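The exercises below ask you to read a protein model step by step. Try each task on the structure before you turn to its solution.

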Amino acid sequence: MNPDTNPIPDSQAAVPVGETASAPAKSSQPNPTVSSAPSGAGHIRSFVHRRSHITQGQQEALERLLPQWSISYRNQLLDTAEAFGRQAPVILEIGFGMGETTQKIAQSRPGDNFLGVEVFNAGVGSLLKRIDESGLRNIRIIQHDAVEVVRDMLAPDSLDGVHIYFPDPWPKKRHHKRRLIQPKFIQLLASRLKPGGYIHCATDWENYAEQMLEVLSAEPLLRNSVAQGYAPRPDYRPQTKFETRGLRLGHGVWDLIFLRQDAAAPAA
């Protein structure tokens with residue numbers, strides 16, 4: 001799996017929200033708040049609690065930059081114009097991993113606002129470093145379970161796009177129920193898209209791609225951007241080094257782009 005965009009594998013698992021591999025130095029600024037309730041209660045979580053190493057640089061970025069570029073989880077609707085300091089199209093990215101792809105897309109689309117949702121400290125710290133080093137101003141981070149963020153903080157018809165790149169494939173059949181792309185979550189996401197907005201998923205697991213295609217095709221508010229099947233990789237999604245190596249070895253990568261249609265419009 002792509003180490004850039006996929007949740008960290010078991011062998012390199014990142015630290016859950018509120019935990020670090022070692023005791024962090026005290027910060028002079030308070031961290032944004034997260035939900036006090038058990039995350040994921042009653043629904044498929046967008047992550048699994050795992051532990052792993054976090055670098056000193058990532059930890060320092062968390063302590064110094066998290067208050068500046070993050071948004072606290074709250075059970076109330078988010079004013080995105082206020083959060084970003086401007087009115088612009090809002091793209092939600094679920095599970096940005098170490099943030100390389102997020103940074104590149106945000107740099108190539110400066111007119112859009114990118115709201116990244118990730119729980120793992122290593123990934124959040126990594127993206128914060130990228131924001132700081134590149135001078136980007138169009139990324140904000142919510143460090144919380146994505147399902148709860150979408151449900152509680154994002155208004156219907158408020159998003160212009162959703163990116164879900166290389167989510168955990170849960171390859172064993174008995175674990176497929178843990179996959180993020182399920183009918184109820186896609187229904188929720190579709191309701192948060194503006195008419196004409198899009199959901200873009202990518203995976204390098206063929207079986208998961210088939211499930212994604214089935215679930216997305218079954219949602220009445222969505223229609224496939226292509227006649228049928230999978231879409232070509234759009235120019236705005238950069239091809240990572242991991243992906244390039246996999247393609248050279250004959251591994252597949254599948255992109256799916258579905259568009260929100262008006263509720264009254266018939267399925268294409």
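Two residues are in contact when heavy atoms of theirs lie within 4.5 Å. The model is a predicted one, in which local features need pLDDT of at least 70 and side-chain atom pairs count only at pLDDT 80 or more, while totals for chains, interfaces and linings use all residues. Residues are numbered from 1 along each chain as its sequence is written, and side-chain values use heavy atoms, with hydrogens and water left out.

**Exercise 1. The surroundings of His163**

Task: Find the element in which His163 lies, decide whether His163 is buried or exposed, and list its contacts beyond the neighbours within four places in sequence.

Solution: Begin with the element, which is strand S4; helices (H or I, at least four residues) and strands (E, at least two) are DSSP runs, numbered from the N terminus. Next, take the relative accessible area of His163, which is 1%, so this residue is buried; buried means under 20% relative accessible area, exposed over 50%, and partly exposed in between, with a 1.4 Å probe and protein chains only. Then, leaving aside the neighbours within four places in sequence, His163 is in contact with Ile91, Leu92, Glu93, Ile94, Ile105, Arg109, Phe114, Tyr198, His200 and Tyr236. Finally, the side chains of His163 and Tyr165 are joined by a polar contact of 3.4 Å; the term stands for a pair of N or O atoms within 3.5 Å, where within protein one must be able to donate a hydrogen and the other to accept it, and residues adjacent in sequence count only if both atoms are side-chain atoms.

**Exercise 2. Aromatic rings and charges**

Task: Find how many aromatic pairs the whole structure holds, and describe the geometry of Tyr198 and Tyr236.

Solution: The search of the whole structure gives 1 aromatic pair. Tyr198 and Tyr236 form a tilted pair, with 6.1 Å from centre to centre and 45° between the planes. For such a pairing, rings of Phe, Tyr and Trp (its six-membered ring) must have centres within 6.5 Å, and planes under 30 degrees apart count as stacked, over 60 as edge-to-face and the rest as tilted. The two partners are 38 residues apart, with Tyr198 in strand S5 (residues 193-203) and Tyr236 in the loop between strand S6 (222-224) and helix H8 (241-248). As for their cover, Tyr198 has 11% relative accessibility and is therefore buried, whereas Tyr236, at 21%, is partly exposed.

Now look for charges over rings, a term that requires NZ of Lys or CZ of Arg within 6 Å of the ring centre and within 35 degrees of the ring normal. Arg109 lies over the face of Tyr236, 4.8 Å from the ring centre, and the charged end of Arg237 sits over the ring of Tyr165, at 5.8 Å from its centre.

**Exercise 3. Salt bridges**

Task: State how many salt bridges the structure holds, then follow the one between Arg260 and Asp157 and the network that contains Arg237.

Solution: The structure holds 8 salt bridges, each being a side-chain nitrogen of Lys or Arg within 4 Å of a carboxyl oxygen of Asp or Glu. Arg260 and Asp157 meet through their side chains at 3.0 Å, N to O. This pair links distant parts of the chain, since Arg260 is in strand S7 (residues 254-260) and Asp157 in the loop between helix H5 (146-153) and strand S4 (159-165), 103 residues apart. Arg260 is buried, with a relative accessible area of 8%, whereas Asp157 is partly exposed at 39%. The backbone of Asp157 deserves a look too, for its phi is near 60°, a positive value in a residue other than glycine.

Turn next to Arg237, which forms a salt bridge with Glu243, the closest N and O atoms being 2.9 Å apart. Both partners are buried, Arg237 at 1% relative accessibility and Glu243 at 4%. Arg237 and Glu243 also belong, together with Asp255, to a network of salt bridges.

**Exercise 4. The whole protein**

Task: Work out what share of the residues is buried, and what share of the contacts with a separation of 6 or more joins residues 24 or more positions apart.

Solution: Of the 268 residues in the protein, 52% are buried. Among contacts with a separation of 6 or more, 83% come from residues 24 or more positions apart. The protein has 8 helices and 7 strands.
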